[in-house]
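I opened my notebook to look at how two chains meet.

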Amino acid sequence: MKQHENKENNTWNAAQASLEPFTGNFALDLERVRKEIGHNSDVHFREFQIGGTGICAAIIFVDGLSDKELIDKHIMKSLMMSFSENHHQEPSIVQGAVSKEYIKNQVLTIGEVTEARHAKELASKILTGSTALLMDGVQNALILGRTKGKSRNMEEPSSEPLVRGPRLGFTESLRDNTALLRQQGGNSNLSILKFQVGERSKKELVIAYMKDLADPALVEEVRERIKKINIDDVPESGYVEQLIEDNYLSPFPQVQNTERPDRVYSALMEGRVAILLDGTPFALIVPVSLSMMLHSPEDYYDRWIPSFLIRLLRYFAAIISLFGPSLYISFVSFHQGLIPTKLALSIMGTREGVPFPAIIEALIMEVSIEILREGGLRLPRPIGPAMGIVGGLVIGEAAVQAGIISPIMVIVVALTAISSFAVPQYSAGISFRMLRFVAMFFAAVYGLYGVVLFFLFLCSHLVRLKSFGVPFITPVVPYRVSDWKDLMIRMPLVKMRRFRKAIQKKDSMRKG
Amino acid sequence: MKGNKTSMSSPKGQITNSQAAVILVNYILAAGILTLPRTSVEKVKTPDVWITVILGGIIAMIIGLIIVKLNQRYPEKTFYQYSQEIVGKWIGGFLSLLIIGYFFTLSAYEVRTMAEVTGLFLLEGTPTWAIILPFIWIGLYLITGGINAIARLFEIIFPITIIIFLLVAFLSLGIFEIDNLRPVLGLGVVPTLKGIKTTTLAFFRL
């Protein structure tokens, strides 16, 4: 074997050899494959003879990645046992060879069969979990089956829990996820296109959309941007998100991520496009608007009156979480005259003895709350609540008693923190949290005028921002009154039969 | 737009009819409306200011109509382009310069008014430049987004302005006295006409 290897090295260099088409000479081809991937300890070569004919064959697979049952029951059994009984009359076998078509069409009881023309192609297929079959006299190798893949059971999505709604969440297996999507409704218009991303380690990525609802230009745009992704490795859909978003300087996420198949499906039914990556339970939805960040699927599952009120509450909470501390700062340090006198007196009374200006006070509390949140997030689950109690109660109480912080500040900060939890999209909640600090600085410098300036600044940014060509604040502006039925308010379903126009152009009435 | 250019975004510089209307309304509801009562009364000096305001509004509308007609006659063209076509290159150019100068000074005036009002009510002691500067920066950031961004921002602000405007109007309902309008034309028509220039200009900030 050593000698053989040397000879080969002299003849071709290794890279060329791996790209050279298979010859059909079993020993030579097998040797090439061995050279390509034989050094891996988890790659198994199983040589055997096709039942009773003496024709040499080998299957090559990665232990653990390939489907053991497929190898044992369908490949080995049909080639070694069933073969000897039935197939000896076949003319090519009688001549001492075997034809690829015959094996493919009459022997192997397997659904997915493709071919590989050279060792390199074969190696990449094997290493991604397929099983290869090499036979003497057959030029190309057959690639059988696909990876069984390791996946976990489907569980309730932990990042987006609902009181009412489906409990099923995406998993890390792309096949399972696309199957989940198909399973949402027997809709023949659901199209799922496959892409490969990653320059060095290839990952499968699919985009899903409704053929009859999605704007073709949008689908084309998504394809273009995905094709432009040029990165070594894509471990999570967050990479894809960052590489296809419109404006990487914006504090707002321009792509929505979700673990919920029902959420993805309803987005598809609005004419949006979903992007699913292998190896992550987080699917991406484009285009998105700001209002989507404040909506929850549950808004539609509950009756309209509670959903309507809860949604209003959520918008209110978002406004508090954005402007709460900054309004407090501006009133306390600039415009005491605008507060009713009694309230002003009591606020000033509690602030007596606090050595810091309101902005410093607010910063201390806000930063410590952010640290608490970040700390609690990474802790092992049983310790989390304990940490919350220690941090929230003890530090807050002690800070007030020590006279560093005024009690009203603690109320404001606590209210703000709770409000920011009411934003259903985690990534959008982070945007609000970040912007809150900016608002606080504006308020500290310019008071109420600063808050107004910040609001104008924020709006100026929002009106410029686009998500895949769709303005980010659709449908607030440009005015689209028919879509306001599902914006801050949520009308009864019977009154809400139209799609959002910005996304979907072909079919404006929901069939129902 | 950083990185990913969109091919499907609407062409720059096109706004819808409702956006144009919103911009106009916001424009009229500018700081001029705050000073309008005082300046016009100073000119007219009779209780007939309300007639002056109505007349001024009508004149502004007529002029607005002329502008609309002109724009319909020369679609896809800006004022600067068709003014040169109508009155010739030199006079048209001069008119364009006048318009530019008018808007330039007007913006400066508006910003200054805003700063004075803010300084008076909210930020006593803050130097005027410190109030104006961040405002202009934000304006600069906004206009780099093009006319579409401006129109959309106006659409966001429009409901807020209307609500505040109505609120202010209805808050003064308590001191509203219809008798104050009399006598109608007590001193003749002449004083009414004196104030027309002021009121028209207050509306007509185009």
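I began with a definition: a salt bridge is a side-chain nitrogen of Lys or Arg within 4 Å of a carboxyl oxygen of Asp or Glu. I looked for such pairs between chain A and chain B, and the count is zero salt bridges.

Ground rules next. This is a predicted model, where local features need pLDDT of at least 70, side-chain atom pairs count only at pLDDT 80 or more, and totals for chains, interfaces and linings use all residues. Residues are numbered from 1 along each chain as its sequence is written, chains are lettered from A in the order in which they are written, and side-chain values use heavy atoms, without hydrogens and water.

Then I looked up contacts (heavy atoms within 4.5 Å). I found 36 residues of chain A in contact with 33 residues of chain B.

Next came buried area, the accessible area (1.4 Å probe) that two parts lose on being put together, summed over both. Chain A and chain B bury about 3,100 Å² between them. Carbon and sulfur atoms hold 67% of that. On the chain A side, A:Y449, A:R464 and A:Y479 lose the most area to chain B, together 23% of what that side buries.

Last, the cysteines. I took a disulfide as a pair of cysteine sulfur atoms within 2.5 Å. The count is zero disulfides over all chains. I noted exposure too: buried is under 20% relative accessible area, exposed over 50%, partly exposed in between (1.4 Å probe, protein chains only). A:C459 counts as buried because its relative accessibility is 5%. A:C56 has 29%, so A:C56 counts as partly exposed.
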